[in-house]
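Dear colleague,

I am passing on the structure that we spoke about, and my notes on its pockets follow below it. Please read them with the sequence at hand.

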Amino acid sequence: MLHSRLGAKPGKRDELLKILTEGEHADPMPGCRLYVIALDETDPDGVWATEIWESESDHAASLQLDEVKERISRAMPLVDTAGIRQQRLDTRTGIPG
């Protein structure tokens, strides 16, 4: 499980959100069990991303997909990289199981 805070550059959060949510109605990527994008209510530029993958290799494979690479290349100029925080969590249970 990855839980990440992405800080958009000032005034760029809506543009970043648009990119991060582009795949909202697409079929899930192989091995992806959860992909959630949320707004940080305490920071007008803050965005949180939570992802649960079957394995680290599934996540790594997703980063090699052309559409993912392209989306990342458009999103990164909007991100304040100094504000990125990421936690890797070892998920034990969840609903649904």
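Strand 3 makes the largest contribution to the lining of the second largest pocket, with 3 residues (strands, E, of at least two residues, and helices, H or I, of at least four, are DSSP runs numbered from the N terminus; a pocket is an open set of points on a 1 Å grid over the protein atoms alone, where a 1.4 Å probe fits, with protein on both sides within 12 Å along at least five of seven lines, and lining residues have an atom within 4 Å of a point). This is a predicted model, in which local features need pLDDT of at least 70 and side-chain atom pairs count only at pLDDT 80 or more, while totals for chains, interfaces and linings use all residues. Residues are numbered from 1 along each chain as its sequence is written, and side-chain values use heavy atoms, with hydrogens and water left out.

The second largest pocket has a volume of about 500 Å³, a volume being the space filled by probe spheres set on the grid points, which are joined across faces, edges and corners. It is lined by 21 residues, and Met1, Arg33, Ile52, Trp53 and Thr91 are the closest to its centre.

The largest pocket has a volume of about 970 Å³, and among its 37 lining residues Leu20, Met29, Tyr35, Glu51 and Arg71 lie nearest its centre. Strand 2 provides the largest share of that lining, 6 residues.

Strand 2 (residues 32-39) and strand 3 (residues 46-53) run antiparallel and are joined by 7 bridges (two strands pair if DSSP finds at least two bridges between them), with Leu34 opposite Ile52 in strand 3.

Best wishes
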